[in-house]
Every structure is written in C-alpha cells, then in structure tokens.
Amino acid sequence: MTTIFGIRHHGPGSTKSLLRALQNLEPDCLLIEGVKDAEALLQHIANPGMKPPVALLTYNPKDFSQAIYSPFAEFSPEWQAIKYGLKKGISVQFMDLPHEVVLGIKKQEAENPFQLFGEAETNEPKSFTEDDKLQKDPLGYMAEIAGYSDSERWWEVTFEEQENPEDIFPSIIQIMRLLREELNRPDPPMEKRREAFMRETMRKAIKDGYQNIAVICGAWHSPVLEDLPKYKASDDKKILRGIKKVKTKSTWVPWSYSRLSTKSGYGAGVISPAWYKLLYHNREEVGVRWMTKVARLFREKDMDASSAHVIEAVRLADTLASIRQLPIAGIGEMYEAATSIFCEGHESQMELIQNKLVIGDVMGAVPPEIPVIPLQQDFDKSVKAARLSKERNSTDEIIKELDLRTESNLKASHLLHRLDLLGIKWGKAKKVSKFSKGQFKEIWKLVWQPDYALKIISVSMWGNTVYEASVNFVKKKTTEIENLPELTQLVETALKADLIDAIPKLVKRLRDLSAMTTDVEKLMMALRPLIYAIRYGSTRKLDVSSLERVINEIIPRICVLLPNACVGVNEDFTKELFEKILDANHSISLMDDEKYIESWNKSLDQITRLKNVNTLLKGGCLRMLFDKKIITVSDAANEMYLMLSVGNDTTSAANWLEGFLHGSGLLLIHNMDLWNILDKWLDEMNFLTFQNLIPLLRRTFSEFSAPEKEKMLELAKRGQIKMINKKEDFDLKRGEGVLDTVRLLLGI
Amino acid sequence: MKNKTKTLRPHAEDAYAKELKALAKIDDKPRPTNWNLSPWAVVNYLLGGTMEDGTVIEPKYFGNRRLIEVAVATLATDRALLLIGIPGTAKTWVSEHLAAAISGDSKLLVQGTAGMNEDVLRYQWNYAQLLSKGPSEDAMVASPLMKAMQDGKIARLEELTRIPSDVQDTLITILSEKILPVPELNTEVQAQRGFNLIATANNRDKGVNELSSALRRRFNTVVMPLPSTMEEEINIVKTRVDKIGQSLELPASVASVHEIQRLVTIFRELRGGKTEDGRTKLKSPSATLSTAEAISVINSGQALAAHFGDGTLKANDLAAGVTGAVVKDPVQDKVIWQEYLETVVKERKDWKDLYRACKEML
C-alpha cells in the first residue's frame, strides 16, 4: 500500500497533520522529496547535535556555482517526518531527481543546445513568458480563485491555521488534481523528469517488498504520484535514460531563519519563520505569545510596552481578522494591530524590531562529527583561536573592535583579512579615520551568512588551510594584476592578513610593474599604502624591509616624472592631480627620510617655476614649500604679488590663490604681508574683472571654516593694516620684568 | 438625491441615508450591540464599491484600506480611536462618516478648544431649574458625550490636543471605567454598549497640549497620511470638488483635470520640498498645503469662474486662491512663493498663463 501526503514545504500546519497521520498509518518505509544524492546524510538528523535550521548542501566539486541547498526548519514537515522515521527505525529514503542528473542534463544542454533529451519534450515551446508566473507559483492560481492576494496566505488560512484532521491529505490531492487539469499547462521538462524519478523510486520501494509506504512530497506533485499505476514504468525509464551524471558531493551546513525567509534552493520560501515556529509550538495561544514578544522587544529598545498593551493588541488583531472574515488573525493583522497599539500608528517604529520579530534570529548548528572538508575544519579551528565563535554563531550584525596588540585579536584580524581576500565577506572593515589607519585599532562589522559555508568549500581549491588558500589565491592574483594601484592595495591587504609567503612574489611584481609604469599618478597612488605599511608595520609584527627597497625606487621616479606630468594638464584633471600631489606630500613627509624629502621638495620647486603648468598646481606647490619653511615669507609674498598682478589673466590668478590657500585661511590671517598683497590686489581690480572672478574666489573662500571667515571679515573691515615694526618698538628690559611672575604662575 | 434640503451642509447620515439603508439591508454579518451596521459593512461604506446586489456605494475615503480597517476594528473593541495627522487629511471627515455609519448619528460632537472647561465634556446645569428646584436630573444639561454614553452611540471629539491637559484628564475615567460620575446627585451615568469615542488631533500646531501617557493608552492611534501618489491626490480633489460644487449650487462648471493637476503638482512640490521629477530642491512654506486646501482653492476658483468669468476654470481664477493658500506668512512665504514662480512655474512650457496670473497677485 502506498499513501501520498502532499505537503507545503515548511508549513507548520502540514507538519502537525502529517505526524498524526503517520502515527495512525505506521508505515514501514518513508519516501521524501529530497535530492537522492544526499541520502547518505539522512542518518545525521537523529544526531542530538543537529539543531535546525540546517540545510543539505549538494554541489559539484568542480564548479561551485552549481550547488543547491535544501533547508529544513524544525517545523518543516520533511524534517519531522525524517525524525519520526529514524526513531521508528524504518527505512527513510529520498526520492527526488539526483542533483548529479540535473547537472548532467544542464551540461548536455549547454554542449548541444539543439539536441533534446528524452522524447517527452520534443513539442516543448522553447520559451515561456506568459505563464512563467504560473509555473513558478501554481498555488497562486488557487489562491487567486479563493480571493487571496498571495498563495501563502491562502494556504495558511485554508490548511494551516485551522486544526485540520489528518484526512485533509486526500482532499489536497483532489484539489491539486483539479488544479493541474484546469491549468492544463505543458509541464516543464525538468519537472517531468523529477516526477518520473519519484515514481521510479516508488516502484523500487514496492519491489523491495515494503508493505506500507508513505510518500511525502510537495502538494503539487501529489496527484501524479498517486496515479502511479496509470504511468508505464517503461515511459518513465525512457525519460530518464541516457543522461550522463556529473559527480556531486553533499554535506550538512548550518542555516538561519533569515535565509529561510527568502526563496532559496528548495521549495517555498517563508515570509516569517518566527511566526511559523510559534504556530508549530503554540498554535493555541499564538496571538498572545506573538504580542508578548512584541512588547518584550520594544522594552529592550527602551520603549513603553505594558501588559495592557498586549491585551489590547491581541483583541484588536482578532477584531481585524473578523472584519476581514478570516478564521484567526494572521501575521498581517498582528502587524497592523501592533503598529496601532504599540507605535501609535507610526510604522517606522515597528521597523526597529522587524527583523527579530518577523524573521527571528535563530541560527542552526551542525555537530562536529559530520565529515567536512579540511579547509572547513581549519576554518573552525581558526575561528576558535581568534575567539570569534560567538560572532560566528549569531545572525545579528556585530561591531567588533580589535586591539592588534593582543594575540587573539591579532589572529582575528588576520583571519578576517584572509577571508576577505578569498571573497568571504564575513567582516567589513570600517575606516577608523583617514590618518590613523594601520594603528592599533581595527573596527569590523560582522554579519555571518549561512551560505558562506559553500564559499568555504568553493575556495578549498586554493588550499587546505585558510592561510594556505589565501596565500595561493594572492599569488595567482599577483600575476593577473596589470595595474599598479590595484597591486599595492593587494600588498597592503596581504600584509594585514600576514601572508608572509606571498610577499616575495608580490614585491617582485611590484618592482616590475613600477619600473614599467610611466604614469606618475599611479605611482603616487601606490605610494601611500606602501608607506603606511612600512610605518605601522611594527604594530602588526610585519617584516617590511623588502618593501623599503621598492619605495626606494618609486620615490625618485615620482620626483623625476612629476614636474613634466603637470604641464599642459586640463582643468578638470588638474584638481585630481592636485589631490594626489597633496597625498604624496603627506606620505613622503611621513617617511621622515632626508634624502626623499629633499628630492621631493626640489621637484615641487620645479613645478612652481615651469611654464604651462596650471596655476592651481603652482600655487599649491608653493604653499607646500612655504609650510616646510623652504621659502621665506618675503619670497612667498613676492611670488604672490607676481601671480596676482594685473598682467596675469584673472582666472589663472584666482586659481593660483585657490591652490596657495587650500585648506587653510589661517595663513592669510596671520601673515599680514600676504593679507596686504591680497587686499591691494582686490582693491585695484576694476569692477568688471571683479565680477568675473567672484565665483572663483568664492570657491576658495568657501573651504575656510566659519571662524576663519569671520576673522577675515574683521580684518577687511579695518582696511589696510600697517605692519608694526616689532624690533624697534620692543623694549627687552621691560619685557623681562614680567617673566618672574609668569614662571610663578606656570609653576616652572 | 432628489429631496434637496435648504441646509448648507447636510449631516453625513442624511446625505448618504440611501447608501446606509441599502447596506443595512444586505448586511448579514454579526453586528456589535447598538451598531447599525456590521464592521464589515462600515468599512465598505467608507471605502465604497459595488455590493453584491448592485448597490453602488460612493467612496468616502480614498487611500489605504488598512487604515480604515484598523479604525473600525478599534471601535469594535473598547478602546477609543484617535485620528491624528496634519490639517486637511480627512480626519474629521472620516470621523463623521464612521459615526454616521455605526450609530446613524454624527451629531454628538464636542469641539475641543483652548478655553473649554470640564463641564463641556461632562454636563452643565440649567440654572433656572437648579435655583428653583435644587439639583436634580431634570436640571442637568447633558453633554454630547454623556448622551452618547446613555444611548450607546459614538461620540466625536474634535481637536483633542487643543483641550487643556486637566480637562483632557476627565476623559480617563470615561474611557477606562465607562462611567461618568455625577457627584452632585450622588449617581453616575453608565455607558451603554455601543458607546465609543472618536477623537481627532493635528500634529502640526505648536503649543498643543500633549496627551498624558495615561490618556494616550486609552486610545488606538491611526495616523492619517497625505495622499501618497499624484494620481490619488488628483482623484480626491476631483471627486470632492464636484461634490461640493453641487451642494454649494455653483453653476455647473467642470473643473478641468488639467487645472487640478497643476494645482496638485504645485501643492505636492512645495510640500515635499522638491519638484516632482526630483531634480530641483525647493523651500517649503509654513502653510500645510493639504489636499483639503487644494479642494477649497479649486472651489473658490470655480465660483470665480462661474460668477465673473466665462464658466470655465482658468489660471486667473486659480491665482488668488493659490497665492492665499501658499502665502500664510507675508514675509517668509512670499519669498518662497516668488522663488518657486520664477524657478519652476516660469520654466514650464504650458504654465505661462498661470505664471502671469500669479505674478499679478503679488
């Protein structure tokens, strides 16, 4: 005897009904819709360390993009059925088309697009557009007839929210049979194959002598499986014949509610796993428990939520349900009632607790006994060593601050950087601040996604430990990169990830590339990461001597190339170039090495003298030299006077000013010589010229801070300021008299 | 509606008596005690539609179905309903129609003011009686609220947040214990089933009396939003303009959709602080510029066109109204309006007439 149970994947209602039905039926064999290749892993479900949600991952070890997940939650009918079967010690088998075959078909189709496999699909139209939606969601059709906007809701109300006696299953088959007849759509070829395979598995089970077989499948498939005698075994065999398999591997991976809530891999996605969990465990008092959870979550957020609120909200939800003529309040009613009662109608407040409430922060676990690949083992070990286990087992976003001076935090930093390199973006590094990068602190934002489990498997081609894999990965990337800044970025990350074995190759490539690069901008962009690496290397316990050699070569190159690169640059580009020069200036100053600084200054000086250089750059370079006290105040004043004199056209004068005053108006305020020159320049300008210049001047002055501008305004009001001749007016003797008191006050 | 009354504005239960009757006839759902209609029918009365027997119900409220469902569900529980929103979001309108549909009586209304005392909410005395016969039930003048409690009807309270806090607190006993004590006679009025309160409040005015959290807890709050899309807003303005035009006996002049569209665009843009295409940032004036105001601008424009113009609504007829609606603060708003005219209205191709007409007004 064979009994078919059409269920809805992850529907807690069908789980309850199914379990009751199984207890009455006492079958000796369970056939469950699940990929056949993963069957060997079924036994692990009985392991007490297995905590759903978990997923069966089946993948092609040669191409990791070809993988499917079959997730299970504790409320999934399949999960509970398997547990039941294992407990009773009866045969439990998967019956869906093996992933090996699915991949085989895809491969064959890709190789021979015009050759069709299996006779059944010869009349198949190649593309479906109109009924595409129908194919994806056949139940939506039923729901629409019943007047529901989405199929989930309809199923919930009809089957799941009411306590249905177990004899709903024959009626589900009936409904589906009618639906399939009504739609009369051509079955997609893959579906045909799957159903043929399911029937073949059933035949085999019967042949094996099982007396009482229970078949658990998605409701959609239930009629064609019940009609087993109507289908000829030879036809089914024909459909499945001649397909070359692609070898697959399977494993269990931990899953999470947030993953379960989206459509992924197998079967239906779930809108609200947390709601389903509640329905499964506490069907009778689901509303009260849900609202209590709302209240508790709001209290965590320091918002008022009393028990009276809960009572009111439950009642409002029930009333809403009756207005909508629903038997019991669903998640929609719950949500709206909570919005009105707890948030005074403001939905934005609900968003605060949305994730925890609707999706739930449950993360599954897989016991360590389950065989995993070496890289996964190494990863688990590294996580433990880096003391990141808590973060690994949470679905929340966690901000982690690492102090690189402690051993475990340094390990965590290395691990996160390595994973980042390998494309497992578990942690996102936050910038501490522009200029304190590379010091002791690192801030990471950590969000673990269950599908990283696959990523880990997919990068296992690079090595058996996280370190080995990332070194190999970086080595390969090193040879591919043709662009200097990109390469220096890689060097920087590799240093942070402590991939010592990858460094020699990287440095060699760096030297080669920098020798070939004539683009001074790229050289300048590469400079900063390198200099930072050297400067802060000691905190990270890095050996950076090889990098110093590279810098030794790069800086002189920049100094030689830069002046000429500044000639004849167009306006838009100038700004960018200026930023980069500023950046390089900062980096080189950090090096604190006399010989570099000297040649750099020389090259800056050259720029100020060259013709055909945009005056923005000239002004900027002069300022850098002025800041370093290479040129004197009077030299600067002279230069300024020259640049701002009537002979120059106004645009270039304004540009020069912008470059010279970039970032700081203080210079103007405290240097009366400069101020007076500027003052005079403005004063002598005729009105028309002034009008043309105003936008450019505004651009410069807008960058100054408000107090600076105020000060300037005050200065401007006072008119021309005469310099006080300090030396002549100052009486040293009288001045010294004060010093004793000052010393006393300061306690020196 | 044949039997034209002379009243300027008939009550909702009179204006829509036919619909209410038709709904009551087909309504077979359970009704709470003292309700004229089932909650289901009330929702349909507000949102409109065609019933099974072919009765057409005009929509009274355009917008989110969920809001009305929550409002009606609230009234069916024993919590009071608070409609909150900026002026002109149909709060009073919805409350009137809810009361009309549920109790068949929208007249039990207390207008909240800054100067009111407790007695307006509870009861007052007929002083001649009081002096001649002493305190007795005959000498009491019941407030609308008290009447609603006695008859099991819906009472309405406008502008709840304008009422001073100490007076607001009178409501707490009424709403939680459902009684109104009369200490003078040593009795109390107990509310009958079906009694509930719909209060409205606007969250735009400054200096309002915030509700105490004790009182707030007695209310379920529904926030009334501004229309979310342009089409929705135009639809509202058009429907209401036609309706009001009829009741004001304005000579038939159909406000063109084009003009309504322009007006709604102006209102939405100024309100939202940017143009509809999202490209230009605008300053927002102090005026609320709600949908209700758009309706009244169109109406006054229509009156102008009908009595002084050629009967069709033109830019000149609108200009005065728009200017009046936007420029509430003579200094600040005027600048904003001018800026808008120069940067946005002037640039639009077929808006030249409107630009000129508005310029003349300034």
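Predicted model: local features only at pLDDT ≥ 70, side-chain atom pairs only at ≥ 80, totals over all residues.
**Exercise 1. Getting to know chain B**

Find how many helices and strands chain B has, and what share of its residues is buried.

*Solution.* Start with the elements: chain B holds 17 helices and 11 strands. Next, turn to burial: of the 362 residues in chain B, 41% are buried. Finally, look at the contacts in chain B with a separation of 6 or more: 70% of them come from residues 24 or more positions apart.

**Exercise 2. The sheet and its edge**

Work out the order of the five strands in the open sheet of chain B, then explain why strand 11 of chain B counts as largely enclosed.

*Solution.* Step one is the order, which reads 4-7-10-3-11 in chain B, with parallel pairing. Step two is the edges: strand 4 (109-111) and strand 11 of chain B each pair on one side only. On average, neighbouring strands of this sheet are turned by 20 degrees against each other, direction ignored.

Strand 3 (residues 80-85) of chain B runs parallel to strand 11, and five bridges join the two. Across this pairing, B:Leu82 faces B:Thr221, and B:Ile84 stands opposite B:Val223. Helix 4 (residues 65-76) of chain B packs on the sheet and touches strands 3, 7, 10 and 11 of chain B. The direction of helix 4 makes about 165 degrees with that of strand 11 of chain B.

Step four settles the burial: four of the five residues of strand 11 (residues 219-223) of chain B are buried, so this strand is largely enclosed by the rest of the structure.

**Exercise 3. Checking a helix in chain A**

Just after helix 19 of chain A, A:Gly423 has a positive phi of about 90 degrees.

**Exercise 4. One arginine**

Is A:Arg203 buried, exposed or partly exposed?

*Solution.* First locate A:Arg203: it sits in helix 8 (residues 189-207) of chain A. Then count: 16 other C-beta atoms lie within 10 Å, so A:Arg203 is partly exposed. Buried would need 20 or more, and exposed 12 or fewer.

Terms used. Residues numbered from 1 in each chain as written. Chains lettered and ligands numbered in written order. Contact = placed C-beta atoms within 7 Å. Pairing = 2+ DSSP bridges. Axes fitted to C-alpha atoms, helices over the stretch in contact; angles between N-to-C directions.
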